[in-house]
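Here are some comments for a colleague who is looking at this model for the file.

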Amino acid sequence: MDLELAEVLELLGIVEHYIQTIGDIAAPKTVVEVVPHSKSGKRYARKRTPVDGKNTFEGCGLEGSEQHQAAIASVQRRRLLEKAQDLIAQVEEWRESEDWQGLKRTTPAPAKAPAPVEKAESPPPVPSAEANLISFGFKGGKGRNDR
């Protein structure tokens with residue numbers, strides 16, 4: 001079982017490395033926002049990053065531009081990286097926990113195949129009068145309101 005957690009940690013490490021190498025990663029707590037220009041009315045994107053309690057802004061071009069899309073992708077990569085790192089920490093914590101160590105010590109008993117059960121053939125059910133009446137109603141039989 002320890003091998004399984006080692007494999008999970010290895011895969012999460014690969015994911016973490018991939019996220020870090022595929023492109024720019026925004027600083028923690030960075031958001032991309034779109035604001036209208038006060039004179040032209042065009043909508044511009046910008047990154048807002050809190051640094052020492054103050055916001056710093058970085059222009060990202062017009063809304064929908066390639067630069068704007070790249071800024072959004074960098075923020076998304078930051079979030080994915082944080083999630084991958086959280087998962088790595090959780091798996092490592094679980095690996096060291098007493099619950100996991102207890103599971104490793106116990107060896108599961110081999111599973112037994114259930115004994116075959118013989119089926120006794122039973123006669124087909126006989127429909128009751130009530131079932132016939134309901135069946136007649138659904139088959140389009142003429143009723144009192146059909147006149």
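The numbered points below take up the core and then the salt bridges.

1. The model is predicted, and the remarks that follow should be read with that in mind.

2. The largest nonpolar core has 5 residues, namely Leu5, Leu9, Leu12, Ile88 and Val91. Two elements, helix 1 (2-21) and helix 2 (66-96), each give two or more residues to this core, and helix 1 gives the most, with 3 residues. As general background, nonpolar side chains in soluble globular proteins tend to be buried together.

3. Val91 deserves a separate look. Once its neighbours within four places in sequence are left aside, Val91 is in contact with Leu5, Val8, Leu9 and Leu12.

4. Turning to charged side chains, the structure holds 4 salt bridges. One of them joins the side chains of Asp24 and Lys47, at 3.5 Å from N to O. This pair links distant parts of the chain, since Asp24 is in the loop between helix 1 and strand 1 (31-36) while Lys47 is in strand 2 (residues 43-51), 23 residues apart. Lys47 has a relative accessibility of 9% and therefore counts as buried, the cut-off for that class being under 20%.

5. A salt bridge also forms between the side chains of Arg46 and Glu33, at 2.7 Å from N to O. Because Arg46 lies in strand 2 and Glu33 in strand 1, the pair ties together parts that are 13 residues apart in sequence. The two partners fall into separate accessibility classes: Arg46, at 26% relative accessibility, counts as partly exposed, whereas Glu33, with a relative accessible area of 19%, is buried. Given that buried means under 20%, the value of 19% places Glu33 in that class. Glu33 and Arg46 also belong, together with Arg48, to a network of salt bridges.

6. Glu63 forms a salt bridge with Arg43, and the closest N and O atoms are 2.9 Å apart. Glu63 lies in the loop between strand 3 (54-62) and helix 2, and Arg43 lies in strand 2, so this pair ties together parts that are 20 residues apart in sequence. With a relative accessibility of 40%, Glu63 counts as partly exposed, and Arg43, at 40%, likewise counts as partly exposed.

Methods
Residues numbered from 1 in each chain as written. Predicted model: local features only at pLDDT ≥ 70, side-chain atom pairs only at ≥ 80, totals over all residues. Heavy atoms only, no water. Core = buried A, V, L, I, M, F, W, Y, C linked by side-chain atoms within 4.5 Å. Buried < 20%, exposed > 50% of the residue type's maximum accessible area, 1.4 Å probe, protein only. Helix = DSSP H or I, 4+ residues; strand = E, 2+ residues; numbered from the N terminus. Contact = heavy atoms within 4.5 Å.
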